[in-house]
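Subject: Structure handover

Hello,

Here is the structure I promised to pass on. Please open it first, then read my notes below.

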Amino acid sequence: MPSSLTTDVSSSNPLLRVKALCKHYVRGHVWKKRVSVQAINQVNFEIAAGHTLALVGTSGSGKSTVARCITRLERPETGHIWIEGTDIARLGSRELSPFRRAIQMIFQDAITSMNPRFSAAEVIEEPLLIQGRSRAERREIAEALIQDVALSPGWLDRSVMEFSGGQRQRLAIARALTLQPRLLVLDEALSGLDLSTQAQIANLLLDLQSKRCLTYLLISHEMGLVARMADTVAVMANGQIVESGDLEQVLTDPQHMETKNLLASVKVTELKLAAGAPS
Amino acid sequence: MNYLGRRLIRTVLLLVGVSVLCFLFTEMAPGSFFDDMRVNPQISPETIAMLRSHYGLDQPLIVRYGRWVKSALHADLGYSIAYNVPVAPLLWGRAQNTLLLSVTAMLLTWLIAVPLGVWTAARRGKALDKTTSIGVSLLVAIPEVVIAVALLAIAVRWRVLPIGGMKSEDLDGLPLWVRIKDIAEHMLLPVIVLTLVDSALVVRHVRAAVLEILEAPFVQATRGFGISRSRVLFRHVLPAAANPAISLFGLSLAGLLSGSLLVEVICGWPGLGPLILDATLSRDFYMVVGGIMVSTIFMLGGNLIADIVLTVIDPRIRTGAPDAL
Amino acid sequence: MAVSAQKSKLLQIQELSMTYFPATGNPVHALDDVSLEVRAKEVLGILGESGCGKSTLATAVLRLLPANCKHQHGQILFRDHDLLTLSESEINRIRGREIALVAQDPALSLNPVMTVGNQIAEVLQPHVPLQSKQRQERVRALLGEMGFDQPSEIYVAYPHQLSGGQRQRVVIAQAVACQPSLIIADEPTSKLDPPLRADVIALLSRIHKQFGMAILLISHDPTLFIGFADRVATMYAGRIVETGNCKEIFARPLHPYTQALVRLAKSAATDSIKAKSHFPFIEGDAADLTVKGPGCRFEPRCAERMEICTCNVPPDFSPEIERSVSCFKYAE
């Protein structure tokens, strides 16, 4: 693993450190033998505070499994997940709760991660209900958050169904910020949006990162996004990390076949557009 | 241990559990078969005591249970005090009558209800759907008893059908088709009641399942290839909507012996229902236990068959798809 | 230029307007005076972002819209017959046989409980009279042409057993089965990983050359059209805002919206590594289709807006041959 991953000047201790993470699923026929499928195998990486690590790879490479293990939606069989020094890989649910606040996830399809019958306010305030805040407090926080994601506070009482795809994703970001997390896992959070909306949301995420000193784990198969948002890149294939390093290093000098393939498709489109337009 | 093996073990355990509970509850129920006799001053207590030991009812419960299990494994379910015959053959004879009724009703139900459910889903909001909806709601809301008695009253009033029993008297010697026609006439009333009540439920479930599938994108894609509406409905939509229907089918199978009890009693059909009812009322111990056990076997068997059918038919379950079930 | 103008017009959409009336909320003006033509054997691309009405256009051609979508005015002429006036059985003869739709998400547009081979065979069934065995042969041959190495194995597979790319090829096989004259491909690559997208376009290109069918390709990704489409039409808020030759449109986009889209696409690819730099975007939110103002729909986001743009909808101008732009900048 390249030593250049922890380059952050503010802290030498990484916010998130993952070592030897393994998870398998059992896939089986009902009456035939059950087969164990290794989803991720010996995954190692770390992210410094305030940095963005991009996890790239094709579908089925294990990126989402990594995301689910880190947010403890799944329990890894072996391995360690250190958040600011504490290993959360096998904590029980009670010890885990403070860490659940520290790590939040934003999913790909906003609409499937939200209750369509809720209003925007209810979506954002939901995490606060567990904390037992008063109604006025919750409303205040919701108003501040919805402005942080560049939506109007007047829309707080609108139903989720009335928002467009991009706007719903902004709501998902607001909801994720409610508990003041340290780490945001963006699991293909920008896929399925068109170019302009994607750009706006990516810009929002960049702004939020510098304003609130957030750390991002960006999972994506779009190299264009990765190129502008990430500090470091890790490439996954078949459940393992096959290449990782600084953004510039990986993009200009890819070593592994998988990385080269991923970059190749981007290069092709670049060429097409360049060929099509002299300007 | 594979799936089938695990299910069979679970079934056996369930049967044992049910039999134990049967024994316990029948024993705990107040009264016994001999209560009438006890009140009668002409029968001495010694006679009653002798009768009791004759039927083994003075033994402790555990012993009785043990002996029952031993003989049950030889298909001997004990002796009926009321009828003075072994339980098993009597049960079997009555069970056959019940099966005749319930299998016919089940076939009719599914033949009518599945297409009806599919059509009303396809023509949602139109005349057929609305009238069927009202009919179904009524049938579901009105108790089975009331429907049975109502139809019975109509039959009596207009004397169209024979009331009660399975066969008319003095039919021996007449040709086969006359006897069959006679049984069919006797059967008509209870079958109608059962079909009405069961099909209402099936129509609802099939309709809901089909409606849900009709929203799926693949239905629009299929129509986009110019396949006719009816083919899309029956060849593409219905198989995808089959899961809930098959579960219901399993419940139907499970209830073949036990679901028609009420109707049999009211219409006077000589099936398992009236037999178990009488046995329970008169505390005919082994008849009650035997009857319940036979019903239970059917119930568990029916559910097992339904689960197997579901696994075989739905390729997502069969091949362990990640988001099946 | 003259030759292509003489090419027979396969599909002509004339001033089509369609509005959705949802159970709750305001009516959605999905298509607003859309005029478009697809010529025989050509590849026409429709470029537009999500919510611009392009999917409505695709499903409207084959009359697959839900009951709550009302046709306000306009025609869809296929070989000079108005598809909107045909009876159910007549349009069924066209669906799949003359015009086929490759639906958006192959994971959702395939029946989960039917083998993919049977699903392709079902497309043949109403249109091509064949014995069952012959039909199976035909399906296997089709699967082979789609690039599958083991057609027999794929025939009996269920959709969930296939990968995303394989499912997409099955859906394309369904569309091609009866060799229609027009294929409408609605976002065929948006659910796929980037490396697979080029494969799908290559496949569509191959069948276009092999069978000579016209293709109406709908996407929000401009890079799909380059090198494949003959002409491109840009769509915004339910209207067609620019049409023209594909190379020309990307080399010199005329409508401000097209210009913005091309700029975005280029910056996403050619500017490559510039860590933590902001993405260029188009100011403002995507148009709200429930609101139908008097002026140009793009005006609020347009960098070059003029007085006239707020009060009038720009008609189609033709500043060049084979180019049509709906923008007052090009008014004579």
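Which residue is the bridge partner of C:E242 in β11(C)? It is C:V325. Keep in mind that this is a predicted model.

That pair belongs to a larger arrangement. Strand β10 of chain C, residues 239-245, pairs with β11(C). The pairing is antiparallel, over 2 bridges. Both strands sit in an open sheet of 7 strands in chain C. Its order is β6-β7-β8-β3-β9-β10-β11, and the pairing is mixed. The edges are β6 (99-102) and β11 (324-325) of chain C. Each has a single partner strand, so one side of each has no neighbour in the sheet.

Two helices lie across this sheet. Helix α2 of chain C, residues 54-61, lies across β3 (43-47), β6, β7 (182-186), β8 (214-219) and β9 (231-236) of chain C. Its direction is about 150° to β7(C). Helix α8 of chain C, residues 164-176, lies across β6 and β7 of chain C. It runs at about 170° to β6(C).

Chain C has a second sheet to look at. This one is open, with 4 strands in the order β2-β1-β4-β5 and antiparallel pairing. Here β2 (28-39) and β5 (81-82) of chain C are the edge strands. Each has a single partner strand, so one side of each is left without a neighbour in the sheet. Strand β1 of chain C, residues 9-20, is joined to β2(C) by 8 bridges, and the two run antiparallel. Within that pairing, C:T19 has C:H29 of β2(C) as its bridge partner. Helix α2(C) packs on this sheet too, touching β1, β2 and β4 (69-78) of chain C. Its direction makes about 65° with that of β2(C).

Now chain C as a whole. Its secondary structure comes to 12 helices and 11 strands. The radius of gyration is 21 Å, close to the 20 Å that the globule rule gives for 332 residues, so chain C is as compact as a globular protein of that length. Its C-alpha atoms fill a box of roughly 65 × 55 × 50 Å along the principal axes. Of its 332 residues, 50% count as buried. Take the contacts in chain C between residues at least 6 apart in sequence: 65% of them join residues at least 24 apart.

Next, the cores. In soluble globular proteins, nonpolar side chains tend to be buried together. The largest nonpolar core here has 175 residues. Those with the most contacts inside it are A:L55, A:L217, A:L218, A:V226, C:L182 and C:I184. Apart from it lies another core, of 62 residues, including B:Y79, B:L91, B:V193 and B:L233. Leaving out residues up to four places away in sequence, C:L182 touches C:L10, C:L11, C:V38, C:E98, C:I99, C:M213, C:A214 and C:L216.

In chain A, look at strand β8, residues 215-220. How many of its 6 residues are buried? The count is 6 of 6. Both faces are covered: A:T215, A:L217 and A:I219 on one side, and A:Y216, A:L218 and A:S220 on the other. Strand β3 of chain A, residues 52-56, pairs with β8(A) in the parallel sense over 5 bridges. There, A:A54 has A:L218 as its bridge partner. Strand β7 of chain A, residues 183-187, is also joined to β8(A) by 5 bridges, and these strands run parallel.

In all, 35 residues of chain C are in contact with 36 residues of chain A. On the chain C side, the elements that give two or more residues are α9 (194-211), α10 (246-251) and α11 (256-270) of chain C. The largest share, 7 residues, comes from α11(C). The residues of that side divide into 18 nonpolar, 10 polar and 7 charged.

One last stop, in chain B. Is B:I163 buried or exposed? It counts as exposed, because it has 12 C-beta neighbours inside 10 Å. B:I163 is found in the loop between α7 (144-158) and α8 (176-214) of chain B. Beyond its neighbours within four places in sequence, it is in contact with B:L152, B:A155 and B:V156. The C-alpha atoms of B:I163 and B:E185 are separated by 9.3 Å, and the two residues are 22 apart along the chain.

Best wishes

Conventions: Residues are numbered from 1 along each chain as its sequence is written. Chains are lettered from A and ligands numbered from 1 in the order in which they are written. This is a predicted model: local features need pLDDT of at least 70, side-chain atom pairs count only at pLDDT 80 or more; totals for chains, interfaces and linings use all residues. The radius of gyration is taken over C-alpha atoms; the globule rule is 2.2 Å times the number of residues to the power 0.38. A residue is buried if 20 or more other C-beta atoms lie within 10 Å of its own, exposed if 12 or fewer, and partly exposed in between; C-beta atoms are placed from the backbone. Two residues are in contact if their C-beta atoms, placed from the backbone, lie within 7 Å. Two strands pair if DSSP finds at least two bridges between them. Axes are lines fitted to C-alpha atoms, for helices over the stretch in contact, and angles run from 0 to 180 degrees between N-to-C directions. A nonpolar core is a set of buried Ala, Val, Leu, Ile, Met, Phe, Trp, Tyr and Cys residues joined through C-beta atoms within 7 Å. Ala, Val, Leu, Ile, Met, Phe, Trp, Tyr, Cys and Pro count as nonpolar, Asp, Glu, Lys and Arg as charged, and the others, Gly among them, as polar.
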